[in-house]
Amino acid sequence: MLLNVLLYFLICPRLLWATYLNSLDSPSLCQQLLSILPPSEKKFLDILLGKLKIIEVFQSASLQNYVKNCKIIPLEDFKRQATLKLALMPDDSDIGLDDLVILELLDWFKNDFFKWMDTPKCDVCGVLTPITGLVSPTPEDILWYARKVEHYVCQRCGKSSRFPRYNHPEKLLVTRIGRCGEWAICFTFLCICIGYEARLVVDWTDHLWTEVYSQSRKKWIHCDPCENICDRPLMYEIGWKKELTYVIAFSEYEVQDVTWRYTCNFRETLKRRTLCRESFLLQCLYSINERLLSQVQIEKKKFLMSRRVQELTSFLTPPKQGSENYTGRTTGSLLWRLSRGEIGSIVPQSSYVFKLSSNDIEKKYLHIKYSCSSDKYFRSGDHSIEGEGWTSCTFSHKNVFRKVEKDWKMTYLARTEGSSEGTVSWKFDFGNCDLTIKNLRLNLHSEVFESGQVRWLIFPGIGNHRPIVYSPNDVCPLETERFRGLRGFCLSVELSGGNSWQHSQIFRQALDSVTFPFEVEIQFED
(Lines give C-alpha, C1' and ligand atoms only; values in the text may rest on other atoms or scores of the structure.)
Protein backbone atom coordinates (compact mmCIF):
# COMPACT_ATOMS: atom_id res chain seq x y z
CA MET A 1 0.00 0.00 0.00
CA LEU A 2 2.76 2.46 0.90
CA LEU A 3 4.39 1.93 -2.49
CA ASN A 4 1.14 3.14 -4.05
CA VAL A 5 1.14 6.06 -1.64
CA LEU A 6 4.68 6.95 -2.68
CA LEU A 7 3.85 6.83 -6.40
CA TYR A 8 0.63 8.76 -5.87
CA PHE A 9 2.43 11.42 -3.89
CA LEU A 10 4.92 11.95 -6.71
CA ILE A 11 2.45 12.11 -9.59
CA CYS A 12 -0.94 13.20 -8.16
CA PRO A 13 -2.59 16.25 -9.81
CA ARG A 14 -3.12 19.52 -8.00
CA LEU A 15 -6.88 19.04 -7.87
CA LEU A 16 -8.91 20.97 -5.32
CA TRP A 17 -6.21 21.92 -2.82
CA ALA A 18 -3.97 23.67 -5.27
CA THR A 19 -6.99 25.83 -6.01
CA TYR A 20 -7.60 26.32 -2.31
CA LEU A 21 -4.03 27.26 -1.42
CA ASN A 22 -3.84 29.68 -4.33
CA SER A 23 -7.03 31.37 -3.18
CA LEU A 24 -6.02 32.22 0.37
CA ASP A 25 -6.27 35.94 -0.45
CA SER A 26 -9.94 35.49 -1.33
CA PRO A 27 -11.88 34.72 1.88
CA SER A 28 -15.15 34.13 0.03
CA LEU A 29 -13.62 31.57 -2.30
CA CYS A 30 -11.80 29.88 0.59
CA GLN A 31 -15.07 29.63 2.47
CA GLN A 32 -16.80 28.03 -0.49
CA LEU A 33 -14.06 25.45 -0.83
CA LEU A 34 -14.02 24.68 2.89
CA SER A 35 -17.78 24.26 3.00
CA ILE A 36 -17.58 20.99 1.09
CA LEU A 37 -15.15 19.43 3.57
CA PRO A 38 -16.07 17.28 6.59
CA PRO A 39 -15.40 19.10 9.92
CA SER A 40 -12.45 16.84 10.81
CA GLU A 41 -10.72 17.60 7.49
CA LYS A 42 -11.33 21.33 7.91
CA LYS A 43 -9.64 21.15 11.31
CA PHE A 44 -6.80 19.07 9.91
CA LEU A 45 -6.12 21.58 7.16
CA ASP A 46 -6.32 24.46 9.65
CA ILE A 47 -3.58 22.83 11.76
CA LEU A 48 -1.37 22.32 8.70
CA LEU A 49 -1.68 25.96 7.65
CA GLY A 50 -1.22 27.20 11.22
CA LYS A 51 2.12 25.42 11.53
CA LEU A 52 3.20 26.85 8.16
CA LYS A 53 2.84 30.35 9.64
CA ILE A 54 5.37 29.40 12.31
CA ILE A 55 7.76 28.06 9.66
CA GLU A 56 7.53 31.37 7.81
CA VAL A 57 8.68 33.18 10.97
CA PHE A 58 11.65 30.80 11.21
CA GLN A 59 12.94 32.25 7.92
CA SER A 60 13.03 35.83 9.22
CA ALA A 61 16.54 37.11 8.51
CA SER A 62 16.23 39.87 11.11
CA LEU A 63 15.21 37.44 13.83
CA GLN A 64 18.00 35.02 12.94
CA ASN A 65 20.52 37.88 12.99
CA TYR A 66 19.24 38.91 16.42
CA VAL A 67 20.06 35.45 17.79
CA LYS A 68 23.51 35.51 16.18
CA ASN A 69 24.42 39.08 17.13
CA CYS A 70 23.28 38.67 20.74
CA LYS A 71 25.26 35.41 20.97
CA ILE A 72 22.36 33.68 22.65
CA ILE A 73 23.86 30.30 21.75
CA PRO A 74 27.41 29.51 23.07
CA LEU A 75 28.23 27.90 19.72
CA GLU A 76 32.01 28.06 20.07
CA ASP A 77 31.81 26.14 23.35
CA PHE A 78 29.69 23.50 21.65
CA LYS A 79 32.19 23.17 18.82
CA ARG A 80 35.10 22.75 21.24
CA GLN A 81 33.32 20.00 23.14
CA ALA A 82 32.20 18.35 19.90
CA THR A 83 35.74 18.43 18.49
CA LEU A 84 37.07 16.61 21.57
CA LYS A 85 34.45 13.89 21.18
CA LEU A 86 34.99 13.61 17.43
CA ALA A 87 38.68 12.88 17.96
CA LEU A 88 37.70 9.79 19.95
CA MET A 89 35.14 8.46 17.48
CA PRO A 90 35.80 5.04 15.90
CA ASP A 91 37.43 5.25 12.47
CA ASP A 92 34.39 3.70 10.78
CA SER A 93 31.89 6.04 12.46
CA ASP A 94 29.60 8.10 10.23
CA ILE A 95 29.13 10.67 13.00
CA GLY A 96 30.22 14.16 11.95
CA LEU A 97 31.13 17.30 13.88
CA ASP A 98 27.72 18.82 13.13
CA ASP A 99 26.01 15.80 14.70
CA LEU A 100 28.00 16.24 17.90
CA VAL A 101 27.28 19.97 18.02
CA ILE A 102 23.56 19.15 17.96
CA LEU A 103 24.04 16.93 21.02
CA GLU A 104 25.69 19.84 22.84
CA LEU A 105 22.85 22.14 21.79
CA LEU A 106 20.23 19.65 23.02
CA ASP A 107 21.87 19.33 26.43
CA TRP A 108 22.33 23.09 26.83
CA PHE A 109 18.78 23.82 25.71
CA LYS A 110 17.23 21.44 28.23
CA ASN A 111 19.47 22.07 31.21
CA ASP A 112 20.37 25.75 30.87
CA PHE A 113 18.19 27.66 28.42
CA PHE A 114 14.55 26.57 28.54
CA LYS A 115 12.27 25.76 31.47
CA TRP A 116 9.32 23.40 31.78
CA MET A 117 5.95 24.86 32.72
CA ASP A 118 3.89 22.51 34.84
CA THR A 119 1.71 24.16 37.47
CA PRO A 120 2.64 27.75 38.38
CA LYS A 121 3.12 28.98 41.92
CA CYS A 122 1.08 31.84 43.27
CA ASP A 123 3.12 35.07 43.31
CA VAL A 124 1.64 35.94 46.72
CA CYS A 125 1.35 32.62 48.59
CA GLY A 126 3.98 30.55 46.85
CA VAL A 127 1.65 27.54 46.58
CA LEU A 128 0.78 25.65 43.41
CA THR A 129 -2.29 27.02 41.65
CA PRO A 130 -4.69 24.66 39.82
CA ILE A 131 -5.92 25.39 36.33
CA THR A 132 -9.54 26.47 36.03
CA GLY A 133 -9.82 26.36 32.25
CA LEU A 134 -9.05 28.56 29.26
CA VAL A 135 -9.66 32.29 28.76
CA SER A 136 -9.81 34.34 25.59
CA PRO A 137 -6.47 35.52 24.19
CA THR A 138 -5.78 39.25 24.07
CA PRO A 139 -4.75 40.98 20.82
CA GLU A 140 -1.14 40.85 22.07
CA ASP A 141 -1.45 37.11 22.73
CA ILE A 142 -2.71 36.58 19.19
CA LEU A 143 0.18 38.68 17.86
CA TRP A 144 2.53 36.08 19.36
CA TYR A 145 0.46 33.17 18.01
CA ALA A 146 -1.09 32.25 21.37
CA ARG A 147 -4.47 30.81 20.46
CA LYS A 148 -4.81 29.17 23.90
CA VAL A 149 -4.48 30.95 27.23
CA GLU A 150 -4.61 28.88 30.42
CA HIS A 151 -6.20 30.38 33.53
CA TYR A 152 -5.00 29.56 37.07
CA VAL A 153 -6.49 30.62 40.42
CA CYS A 154 -4.80 30.29 43.81
CA GLN A 155 -7.05 28.38 46.20
CA ARG A 156 -5.55 30.17 49.18
CA CYS A 157 -5.71 33.85 48.25
CA GLY A 158 -7.77 33.82 45.06
CA LYS A 159 -5.13 35.52 42.91
CA SER A 160 -5.48 34.56 39.25
CA SER A 161 -2.80 34.23 36.59
CA ARG A 162 -2.69 33.58 32.86
CA PHE A 163 -0.33 31.41 30.82
CA PRO A 164 -0.53 32.15 27.08
CA ARG A 165 0.69 29.22 24.94
CA TYR A 166 2.96 31.25 22.67
CA ASN A 167 3.93 29.74 19.32
CA HIS A 168 6.13 32.59 18.06
CA PRO A 169 9.89 31.96 18.37
CA GLU A 170 10.69 35.62 19.02
CA LYS A 171 8.47 35.63 22.11
CA LEU A 172 9.81 32.27 23.28
CA LEU A 173 13.37 33.62 23.17
CA VAL A 174 12.22 36.00 25.91
CA THR A 175 9.92 33.82 28.03
CA ARG A 176 12.01 30.61 27.71
CA ILE A 177 9.26 28.56 29.30
CA GLY A 178 6.54 26.23 28.15
CA ARG A 179 5.69 22.64 27.35
CA CYS A 180 6.58 20.45 24.40
CA GLY A 181 5.14 22.84 21.81
CA GLU A 182 7.10 25.84 23.01
CA TRP A 183 10.22 23.71 23.50
CA ALA A 184 10.13 22.26 20.00
CA ILE A 185 9.37 25.58 18.28
CA CYS A 186 12.19 27.42 20.04
CA PHE A 187 14.70 24.58 19.64
CA THR A 188 13.92 24.13 15.93
CA PHE A 189 14.41 27.83 15.36
CA LEU A 190 17.76 27.87 17.19
CA CYS A 191 18.94 24.96 15.02
CA ILE A 192 18.11 27.00 11.94
CA CYS A 193 19.91 30.04 13.36
CA ILE A 194 23.20 28.14 13.58
CA GLY A 195 22.95 26.85 10.04
CA TYR A 196 21.14 23.51 10.25
CA GLU A 197 18.22 22.35 8.18
CA ALA A 198 15.59 21.64 10.80
CA ARG A 199 11.94 20.60 10.76
CA LEU A 200 9.22 21.10 13.33
CA VAL A 201 7.54 17.73 13.90
CA VAL A 202 3.93 17.60 15.08
CA ASP A 203 2.47 14.42 16.54
CA TRP A 204 -1.33 14.50 16.36
CA THR A 205 -1.50 12.54 19.65
CA ASP A 206 -0.19 15.64 21.44
CA HIS A 207 3.56 16.04 21.26
CA LEU A 208 6.09 18.04 19.24
CA TRP A 209 9.79 17.65 18.58
CA THR A 210 12.45 18.44 15.98
CA GLU A 211 14.21 16.73 13.10
CA VAL A 212 17.65 17.93 11.99
CA TYR A 213 19.21 16.94 8.69
CA SER A 214 22.61 15.29 9.17
CA GLN A 215 24.97 16.04 6.31
CA SER A 216 27.36 13.27 7.34
CA ARG A 217 24.65 10.61 7.63
CA LYS A 218 22.46 11.91 4.77
CA LYS A 219 19.26 11.52 6.76
CA TRP A 220 16.86 13.36 9.04
CA ILE A 221 17.66 12.82 12.72
CA HIS A 222 15.03 12.78 15.47
CA CYS A 223 15.76 15.26 18.31
CA ASP A 224 13.47 15.70 21.33
CA PRO A 225 14.57 18.80 23.29
CA CYS A 226 12.16 18.09 26.17
CA GLU A 227 13.84 14.74 26.80
CA ASN A 228 17.37 15.61 25.60
CA ILE A 229 17.12 12.51 23.38
CA CYS A 230 18.57 12.16 19.89
CA ASP A 231 18.05 9.54 17.19
CA ARG A 232 15.56 7.34 19.01
CA PRO A 233 12.38 7.66 16.91
CA LEU A 234 10.61 4.59 18.30
CA MET A 235 10.74 5.90 21.87
CA TYR A 236 7.16 7.20 21.64
CA GLU A 237 5.49 4.05 20.36
CA ILE A 238 7.56 1.53 22.30
CA GLY A 239 8.72 3.48 25.34
CA TRP A 240 5.74 5.81 25.89
CA LYS A 241 3.17 3.31 24.54
CA LYS A 242 1.71 5.96 22.25
CA GLU A 243 -0.79 4.91 19.59
CA LEU A 244 0.42 7.24 16.86
CA THR A 245 -1.80 8.44 14.03
CA TYR A 246 -0.28 11.34 12.10
CA VAL A 247 3.25 12.68 12.50
CA ILE A 248 3.91 15.59 10.13
CA ALA A 249 7.21 17.47 9.68
CA PHE A 250 7.23 21.16 8.62
CA SER A 251 10.19 22.96 7.07
CA GLU A 252 11.00 25.81 4.72
CA TYR A 253 10.77 23.67 1.59
CA GLU A 254 8.33 20.91 2.41
CA VAL A 255 5.68 19.43 4.62
CA GLN A 256 6.21 15.70 4.97
CA ASP A 257 4.22 12.85 6.48
CA VAL A 258 6.95 11.13 8.56
CA THR A 259 4.67 8.88 10.60
CA TRP A 260 6.43 5.81 9.22
CA ARG A 261 9.73 6.71 10.89
CA TYR A 262 8.08 6.58 14.31
CA THR A 263 6.05 3.36 14.13
CA CYS A 264 6.98 -0.26 13.55
CA ASN A 265 3.35 -1.35 13.07
CA PHE A 266 2.14 0.20 9.82
CA ARG A 267 -1.08 -1.80 9.65
CA GLU A 268 -2.39 -0.75 13.08
CA THR A 269 -1.30 2.85 12.58
CA LEU A 270 -3.18 3.07 9.28
CA LYS A 271 -6.34 1.83 11.01
CA ARG A 272 -6.15 4.75 13.46
CA ARG A 273 -5.78 7.42 10.75
CA THR A 274 -9.43 8.41 10.58
CA LEU A 275 -9.33 12.21 10.82
CA CYS A 276 -9.08 12.64 7.06
CA ARG A 277 -8.95 10.64 3.87
CA GLU A 278 -5.47 9.55 2.83
CA SER A 279 -6.13 11.02 -0.61
CA PHE A 280 -7.07 14.33 1.03
CA LEU A 281 -3.82 14.39 3.02
CA LEU A 282 -1.73 13.55 -0.04
CA GLN A 283 -3.39 16.25 -2.10
CA CYS A 284 -2.84 18.81 0.66
CA LEU A 285 0.83 17.93 1.03
CA TYR A 286 1.39 17.91 -2.71
CA SER A 287 -0.15 21.33 -3.20
CA ILE A 288 1.60 22.86 -0.18
CA ASN A 289 4.95 21.53 -1.34
CA GLU A 290 4.42 22.77 -4.86
CA ARG A 291 3.80 26.22 -3.45
CA LEU A 292 6.82 26.10 -1.14
CA LEU A 293 9.07 25.09 -4.04
CA SER A 294 7.63 27.53 -6.55
CA GLN A 295 10.38 30.12 -5.99
CA VAL A 296 13.24 27.65 -5.57
CA GLN A 297 15.89 27.45 -8.30
CA ILE A 298 15.76 24.40 -10.51
CA GLU A 299 18.98 22.76 -9.24
CA LYS A 300 17.96 23.18 -5.64
CA LYS A 301 14.52 21.81 -6.45
CA LYS A 302 16.02 18.71 -8.10
CA PHE A 303 18.16 18.07 -5.03
CA LEU A 304 15.21 18.46 -2.66
CA MET A 305 12.99 16.18 -4.74
CA SER A 306 15.72 13.55 -4.91
CA ARG A 307 16.18 13.68 -1.15
CA ARG A 308 12.42 13.47 -0.63
CA VAL A 309 12.16 10.35 -2.79
CA GLN A 310 15.02 8.79 -0.82
CA GLU A 311 13.24 9.51 2.46
CA LEU A 312 9.90 8.21 1.23
CA THR A 313 11.56 5.07 -0.03
CA SER A 314 12.99 4.47 3.45
CA PHE A 315 9.42 4.44 4.77
CA LEU A 316 8.51 1.39 2.71
CA THR A 317 10.06 -0.96 5.29
CA PRO A 318 8.85 -0.74 8.90
CA PRO A 319 11.61 -0.22 11.48
CA LYS A 320 12.01 -3.09 13.92
CA GLN A 321 11.75 -2.81 17.69
CA GLY A 322 15.12 -4.46 18.21
CA SER A 323 16.93 -2.33 15.65
CA GLU A 324 19.28 0.56 16.27
CA ASN A 325 16.33 2.94 16.31
CA TYR A 326 15.26 1.78 19.75
CA THR A 327 17.69 -0.20 21.87
CA GLY A 328 20.56 1.58 23.54
CA ARG A 329 24.07 1.16 24.84
CA THR A 330 25.34 -1.87 22.87
CA THR A 331 23.07 -2.03 19.84
CA GLY A 332 21.57 1.44 19.89
CA SER A 333 22.32 4.30 17.56
CA LEU A 334 25.75 5.73 18.34
CA LEU A 335 24.35 9.25 18.19
CA TRP A 336 21.64 8.36 20.69
CA ARG A 337 24.14 6.66 22.99
CA LEU A 338 26.38 9.72 22.76
CA SER A 339 23.50 11.95 23.86
CA ARG A 340 23.04 9.80 26.99
CA GLY A 341 26.73 9.41 27.79
CA GLU A 342 26.39 5.69 27.14
CA ILE A 343 29.31 5.06 24.84
CA GLY A 344 31.65 3.24 27.19
CA SER A 345 35.34 3.49 26.40
CA ILE A 346 35.03 6.15 23.72
CA VAL A 347 33.76 8.74 26.20
CA PRO A 348 36.59 11.24 26.62
CA GLN A 349 38.45 10.26 29.78
CA SER A 350 39.81 13.40 31.35
CA SER A 351 42.62 11.74 33.39
CA TYR A 352 42.51 14.87 35.52
CA VAL A 353 44.78 15.03 38.58
CA PHE A 354 44.36 17.47 41.47
CA LYS A 355 47.69 19.08 42.39
CA LEU A 356 48.60 21.80 44.86
CA SER A 357 48.82 25.39 43.71
CA SER A 358 51.29 27.85 45.21
CA ASN A 359 48.45 29.28 47.27
CA ASP A 360 47.57 25.79 48.59
CA ILE A 361 51.20 25.15 49.51
CA GLU A 362 51.46 28.44 51.33
CA LYS A 363 48.32 27.81 53.35
CA LYS A 364 48.93 24.05 53.70
CA TYR A 365 45.30 23.55 52.83
CA LEU A 366 43.22 22.25 49.92
CA HIS A 367 39.43 22.26 49.61
CA ILE A 368 37.73 20.88 46.48
CA LYS A 369 33.96 21.05 46.11
CA TYR A 370 31.53 19.93 43.40
CA SER A 371 27.96 21.11 42.89
CA CYS A 372 25.76 18.79 40.85
CA SER A 373 23.17 21.55 40.46
CA SER A 374 25.62 23.89 38.69
CA ASP A 375 27.75 20.97 37.41
CA LYS A 376 30.97 22.73 38.44
CA TYR A 377 34.01 22.05 40.62
CA PHE A 378 35.41 24.77 42.88
CA ARG A 379 38.80 25.23 44.57
CA SER A 380 37.83 27.26 47.58
CA GLY A 381 41.34 28.35 48.50
CA ASP A 382 41.62 30.29 45.27
CA HIS A 383 37.87 30.99 45.14
CA SER A 384 37.90 29.82 41.54
CA ILE A 385 36.15 27.33 39.28
CA GLU A 386 38.30 24.24 38.94
CA GLY A 387 36.27 22.65 36.16
CA GLU A 388 32.92 22.81 34.37
CA GLY A 389 31.05 19.56 33.85
CA TRP A 390 31.24 16.59 36.20
CA THR A 391 33.74 14.74 33.97
CA SER A 392 36.14 17.70 33.76
CA CYS A 393 37.96 16.83 37.01
CA THR A 394 37.60 13.06 37.07
CA PHE A 395 40.58 10.76 36.60
CA SER A 396 38.35 8.11 35.03
CA HIS A 397 34.67 7.25 34.64
CA LYS A 398 32.67 4.47 33.08
CA ASN A 399 28.93 3.90 32.59
CA VAL A 400 27.94 7.02 34.56
CA PHE A 401 26.03 10.10 33.45
CA ARG A 402 24.46 13.19 34.98
CA LYS A 403 20.68 12.98 35.14
CA VAL A 404 18.53 16.12 35.30
CA GLU A 405 14.90 15.63 36.32
CA LYS A 406 13.14 18.78 35.18
CA ASP A 407 9.76 17.67 36.48
CA TRP A 408 11.10 17.02 40.00
CA LYS A 409 13.75 19.77 39.76
CA MET A 410 16.48 17.37 40.88
CA THR A 411 19.84 16.25 39.50
CA TYR A 412 22.32 13.48 40.33
CA LEU A 413 24.92 11.12 38.90
CA ALA A 414 23.81 7.57 38.16
CA ARG A 415 24.96 4.62 36.13
CA THR A 416 23.78 4.42 32.55
CA GLU A 417 20.65 2.46 31.80
CA GLY A 418 21.37 -1.22 31.17
CA SER A 419 24.81 -1.24 32.80
CA SER A 420 25.34 -3.43 35.86
CA GLU A 421 27.98 -1.15 37.38
CA GLY A 422 29.18 2.42 37.03
CA THR A 423 32.45 3.84 38.38
CA VAL A 424 34.02 7.26 38.85
CA SER A 425 37.44 8.12 40.28
CA TRP A 426 39.26 11.32 41.29
CA LYS A 427 43.05 11.42 41.73
CA PHE A 428 45.03 13.64 44.14
CA ASP A 429 48.81 13.80 43.66
CA PHE A 430 50.90 16.10 45.89
CA GLY A 431 54.32 14.94 44.80
CA ASN A 432 55.12 18.41 43.45
CA CYS A 433 55.96 19.73 46.94
CA ASP A 434 57.40 18.67 50.30
CA LEU A 435 54.04 18.62 52.06
CA THR A 436 52.23 15.48 53.21
CA ILE A 437 48.67 14.88 54.32
CA LYS A 438 47.92 15.63 57.96
CA ASN A 439 44.15 15.36 58.08
CA LEU A 440 41.53 14.36 55.52
CA ARG A 441 37.87 15.35 55.63
CA LEU A 442 35.33 13.99 53.17
CA ASN A 443 31.66 14.78 52.66
CA LEU A 444 30.34 12.53 49.90
CA HIS A 445 26.57 12.27 49.51
CA SER A 446 24.85 9.27 47.96
CA GLU A 447 21.41 7.68 47.99
CA VAL A 448 20.25 4.14 47.32
CA PHE A 449 16.77 2.74 46.71
CA GLU A 450 15.56 -0.83 47.15
CA SER A 451 18.64 -3.06 46.62
CA GLY A 452 20.86 -0.40 45.05
CA GLN A 453 24.45 -0.19 46.31
CA VAL A 454 27.12 2.51 46.55
CA ARG A 455 30.69 1.78 47.67
CA TRP A 456 33.36 4.39 48.26
CA LEU A 457 37.01 3.35 47.97
CA ILE A 458 40.21 5.20 48.82
CA PHE A 459 43.47 3.96 47.32
CA PRO A 460 46.26 5.27 49.61
CA GLY A 461 49.32 6.82 47.98
CA ILE A 462 49.82 7.29 44.25
CA GLY A 463 50.83 3.72 43.38
CA ASN A 464 48.91 0.44 43.17
CA HIS A 465 47.69 -0.02 46.73
CA ARG A 466 44.85 -2.10 48.13
CA PRO A 467 41.78 0.13 48.58
CA ILE A 468 40.07 0.95 51.84
CA VAL A 469 36.33 0.44 51.39
CA TYR A 470 33.76 2.74 52.99
CA SER A 471 29.98 2.64 53.15
CA PRO A 472 27.94 5.74 52.19
CA ASN A 473 27.35 6.49 55.88
CA ASP A 474 31.11 6.39 56.59
CA VAL A 475 31.94 9.22 54.16
CA CYS A 476 29.03 11.53 54.92
CA PRO A 477 31.02 12.88 56.61
CA LEU A 478 34.45 11.34 57.30
CA GLU A 479 37.33 13.00 59.13
CA THR A 480 40.49 10.99 59.69
CA GLU A 481 44.27 11.06 60.13
CA ARG A 482 44.51 7.54 58.72
CA PHE A 483 46.25 8.85 55.59
CA ARG A 484 48.73 11.03 57.46
CA GLY A 485 52.13 11.19 55.80
CA LEU A 486 50.88 10.31 52.32
CA ARG A 487 51.52 12.44 49.23
CA GLY A 488 48.33 11.54 47.48
CA PHE A 489 45.45 9.11 47.04
CA CYS A 490 42.75 8.06 44.59
CA LEU A 491 39.09 8.33 45.53
CA SER A 492 36.61 6.05 43.72
CA VAL A 493 32.93 5.20 43.83
CA GLU A 494 31.08 2.15 42.53
CA LEU A 495 27.35 2.18 41.75
CA SER A 496 25.55 -1.12 41.34
CA GLY A 497 22.52 -3.22 42.31
CA GLY A 498 18.86 -2.40 42.36
CA ASN A 499 16.19 -3.14 39.80
CA SER A 500 16.87 0.11 37.96
CA TRP A 501 19.81 2.32 37.08
CA GLN A 502 18.19 4.98 39.29
CA HIS A 503 18.46 2.87 42.45
CA SER A 504 22.07 3.95 43.15
CA GLN A 505 22.81 7.68 42.97
CA ILE A 506 25.50 10.10 44.07
CA PHE A 507 25.42 13.86 44.60
CA ARG A 508 21.61 14.08 44.38
CA GLN A 509 20.36 17.61 45.03
CA ALA A 510 17.75 20.14 43.98
CA LEU A 511 18.49 22.17 40.86
CA ASP A 512 18.39 25.39 42.89
CA SER A 513 20.56 24.03 45.70
CA VAL A 514 23.70 25.95 46.71
CA THR A 515 25.20 23.12 48.78
CA PHE A 516 28.07 20.81 47.78
CA PRO A 517 27.40 17.05 47.87
CA PHE A 518 31.09 16.37 47.07
CA GLU A 519 33.77 17.86 49.32
CA VAL A 520 37.39 16.89 49.81
CA GLU A 521 39.20 18.98 52.43
CA ILE A 522 42.86 18.34 53.29
CA GLN A 523 45.24 19.88 55.82
CA PHE A 524 48.97 19.40 55.20
CA GLU A 525 52.18 19.41 57.23
CA ASP A 526 55.86 19.56 56.43
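User: Quick one to start with: which residue in E18 is the bridge partner of Arg402?
Analyst: The bridge partner of Arg402 in E18 is Leu413. Strand labels here are DSSP runs numbered from the N terminus (strands are E with at least two residues, helices are H or I with at least four). This is a predicted model, in which local features need pLDDT of at least 70 and side-chain atom pairs count only at pLDDT 80 or more, while totals for chains, interfaces and linings use all residues. Residues are numbered from 1 along each chain as its sequence is written, and side-chain values use heavy atoms, with hydrogens and water left out.

User: How many bridges do E17 and E18 have?
Analyst: Strand E17 and strand E18 (residues 410-415) are joined antiparallel by six bridges, where two strands count as paired if DSSP finds at least two bridges between them. Four residues lie between the strands of this hairpin, and Lys409 takes a positive phi near 60°.

User: And how many residues of E17 are buried?
Analyst: Five of the six residues in E17 (residues 400-405) are buried, so to speak mostly covered, with buried meaning under 20% relative accessible area, exposed over 50% and partly exposed in between, for a 1.4 Å probe and protein chains only.

User: Switching to E13, which strands does E13 join?
Analyst: Strand E13 runs antiparallel to E27 (residues 518-525), with six bridges between them, and also antiparallel to E14 (residues 376-379), with four bridges. Tyr370 stands opposite Phe518 on the E27 side, while Ser371 has Lys376 as its bridge partner in E14. Six of the seven residues of E13 (365-371) are buried.

User: Now the open sheet, what's the strand order?
Analyst: The six strands of this open sheet come in the order E9-E8-E7-E6-E10-E11, with antiparallel pairing. Strands E9 (229-230) and E11 (255-257) are at the edges with a single partner strand each, so one side of each lacks a neighbour in the sheet.

User: Which helix packs on the sheet and touches E11?
Analyst: Helix H4 (residues 39-58) packs there, touching E6, E7 (207-214), E10 and E11, and its direction makes about 30° with that of E10. Contact means heavy atoms within 4.5 Å, and the angle runs from 0 to 180 degrees between N-to-C directions of lines fitted to C-alpha atoms, for helices over the stretch in contact. Helix H10 (residues 180-193) lies across E6, E7 and E8 (219-224), at about 15° to E7.

User: Last topic, which rings have a charge over them?
Analyst: Arg199 lies over the face of Trp220, 3.9 Å from the ring centre, and the charged end of Arg307 sits over the ring of Tyr213, at 4.3 Å from its centre. The rule asks for NZ of Lys or CZ of Arg within 6 Å of the ring centre and within 35 degrees of the ring normal.
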